[in-house]
Amino acid sequence: TELKLAIDGTIIMSENLRDALDKMYDAQIPVVWQKISWKSSTIGFWFTELLERDAQFRSWCFEGRPNVFWMTGFFNPQGFLTAMRQEVTRAHKGWALDSVILHNDVLRQYKDDITSPPQEGVYIHGLSLDGSGWDRRNAKLVESANKVLFTQVPIVWIYAINSASSASDAKMYHCPVYKKPMRTDLNYITTLVLKTTQSPDHWTMRGVALLCDTK
């Protein structure tokens, strides 16, 4: 409303309003919006994400807990995973939050195949692999197909286990998860384990990572 008034000359065109006008003309996100929202490559993608985020939260509020969560739609996905750890910890007598760690399994199903939530933890959809492909039948990492930059991963079941009973597997690649293709500490979320028949070092050298958003 203020921008319309400034364009009509009713009020003074401030620096923030001028930036918003210039950014929207260039299909970019105004700086003021970014301070209270999220980064996106264009304003079109930003608005699409806004509608999808609203749909997820609206469904959660009025229809109950979703069977599958779209982790990209959370402003603070780390907080979401921490809340899940707390939920699992409270369900197990004698567990302490400090000794509970995240673990995961990659299923063969996609979002439309899921009809009920897991008994513990959460189902996550919308993650994409950067730097490798995915063998859905055998649920493991494979080489990327020609001219394919990103490979969508099926549903990931993320849950929590007691670290005292966990054991490391030499055939698991510890894959970092980022919000955006720009891999910085600000975009880092967590690490998931993915099955591999090759040495995990092979995928480390390829720079394989999971992305919530490829745009």
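Start by selecting Val122: its bridge partner in E8 is Ile158. This is a predicted model.

Now widen the selection to both strands. E3 covers residues 122-125 and E8 covers residues 156-162. The two run antiparallel, joined by three bridges.

Next, show the whole sheet. It is open and has four strands, in the order E1-E3-E8-E2, with mixed pairing. Strand E1 (69-70) and strand E2 (100-106) are the edges, each pairing on one side only.

Move to the largest nonpolar core, a set of 30 residues. Select Leu127, Leu129 and Leu210, which have the most contacts inside it. H5 gives the most to this core, with four residues. E2, E3, E8, E9 and E10 are also among the elements that each supply at least two.

Then pick Val68, Leu107, Ile114 and Ile155. They belong to a second, separate core of five residues.

Last stop: Asn187, in the loop between strand E9 (172-178) and strand E10 (188-195). Is Asn187 buried or exposed? Asn187 counts as buried because its relative accessibility is 14%, and the cut-off for buried is under 20%. Display its contacts too: leaving aside neighbours within four places in sequence, they are Val177, Tyr178, Lys179, Lys180 and Met182.

Definitions and conventions. Residues are numbered from 1 along each chain as its sequence is written. This is a predicted model: local features need pLDDT of at least 70, side-chain atom pairs count only at pLDDT 80 or more; totals for chains, interfaces and linings use all residues. Side-chain values use heavy atoms; hydrogens and water are left out. Buried means under 20% relative accessible area, exposed over 50%, partly exposed in between (1.4 Å probe, protein chains only). Contact means heavy atoms within 4.5 Å. Two strands pair if DSSP finds at least two bridges between them. A nonpolar core is a set of buried Ala, Val, Leu, Ile, Met, Phe, Trp, Tyr and Cys residues joined through side-chain atoms within 4.5 Å.
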